[in-house]
Amino acid sequence: MLVIKNGRVIDPVNNVDEVMDVVVDGDEIVKTGKNLGVDELGSDVRVIDATGFVVSPGLVDSHVHFRDPGFTYKEDIYSGAKAAAKGGVTTVILMANTKPPVDNPETLKYVLDKGAETDINILTTVNVTKGMRGKEIVDMEDLASKGAAGFTDDGIPIMDEAVLLEAMKRAKALNLPVALHEEDPLFVKQAGVNMGKVSEELGYGGASHTAEDIMVARDCVLAMESGARVCMQHLSSKVSVEILRTFKKLGADVHGEATPHHFTLTEDAVLEYGTYARMNPPLRTQEDKEEIIKGIVDGTIDMIVTDHAPHSKEEKDRPMANAPSGITGIETSLALGIKSLVQPGHISLMKLIELMSANPLKFYNIEPEKIQAGQKADLVIFGENEEWVVTDYASKAVNSPFTGWKLPGKIHYTICKGKIVYENR
């Protein structure tokens, strides 16, 4: 039995923000309340003094790459799970661009079985199209029956509107979502850096915001036509945010993700951090960053995810044109949310937790977690303003521009299914 005493419990689903105790027995929360006694609970009780700390539902990262199968030198499901736990994340939803891709029952079973061996909750998407080639739709019905959380070809845009519309209609019938990587290659000269002042300074072609905008506009129309629940992944452009805002007002079931790097950094970071700031979609202008934050504030963007994209140091040490895009982000996401959104007063801590726990689960048609009796004991305990320095990673990868940064939000405990899976006292 585990008793968490005197923590500031923040539960966005129940709209609770107050100091109380939480009692966990097995994998469930069995009691909450103020000044609960522990003597009558017996001798086999561990007490965590959470005075001055926040106790919230475990975080949910619904856009993660654990590179398994096929690229396990970058990350694997076991190391990714440890990185998630260190970041306060108790549930992840994996992207399906592995090798082989998750477009068949055998690979789906491999990922889910291996995920079940870890200490956290691991779900996975499957591909929209076979081999991520954008031509032939996978057996969506069969994969849904075998545990697919949703459908995506993340990493590659689906250029054929007829294929995508049919996939959206089938996903709608299955009550499962579709998540889309929005980059038209026509407007990408060289990936990973915004086409603008920084790309010009570097003599690098860059990727125009138009690559994202044109795809978001098209796919909002297709989502409205099909009635499907659709996510525009890792938004980076101010125009895309406004397009999404408009289609939400029109009644489309469309949603948006934002990553901590897109609401914390701008294209100037490429000049300081080099390939460690090479992202897909790229970091853009200050105006774009401000509009992403505005979209978070007004609800246009309803999920904060990491797009955790681990790569080896050798790969990231290549020249800009030859290095892969992406950041290892799952261990710093809460801290950057506090630093870039909560501390400046853009949103409350409760809103941040909602964006990082309840909303991603809702999008994937999963009941959001609450801190009350009878609920699964997936929790994170952290010091909201307690600072820590980003140094060692539980991930295999270190490709982050935030290494060495002093950030708030030090995580002390991550609890998943009633078990302490990360501890830093």
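User: Where is the place of Pro100?
Analyst: In this predicted model, Pro100 sits in the loop that runs between strand E7 (89–94) and helix H2 (105–116).

User: And what is the peptide bond from Lys99 to Pro100, cis or trans?
Analyst: The bond joining Lys99 to Pro100 is cis, and its omega is near 5°.

User: What about the bond from Asp68 to Pro69, cis or trans?
Analyst: The peptide bond that leads from Asp68 into Pro69 is cis, with an omega near 15°.

User: Where is Pro69 found, then?
Analyst: Pro69 belongs to the loop that connects strand E6 (59–64) with helix H1 (77–86).

User: Switching to backbone angles, what is the phi of Met132?
Analyst: Met132 is not a glycine, yet its phi is positive, at about 55°; the residue is placed in the loop between strand E8 (121–124) and helix H3 (140–145).

User: Is Met132 buried or exposed?
Analyst: Met132 has a relative accessible area of 10%, and because the cut-off for buried is under 20%, Met132 counts as buried.

User: Why is Asn175 called partly exposed?
Analyst: The relative accessible area of Asn175 is 38%, and since partly exposed covers the range between the buried limit of under 20% and the exposed limit of over 50%, Asn175 is described as partly exposed.

Notes:
Residues numbered from 1 in each chain as written. Predicted model: local features only at pLDDT ≥ 70, side-chain atom pairs only at ≥ 80, totals over all residues. Heavy atoms only, no water. Helix = DSSP H or I, 4+ residues; strand = E, 2+ residues; numbered from the N terminus. Buried < 20%, exposed > 50% of the residue type's maximum accessible area, 1.4 Å probe, protein only.
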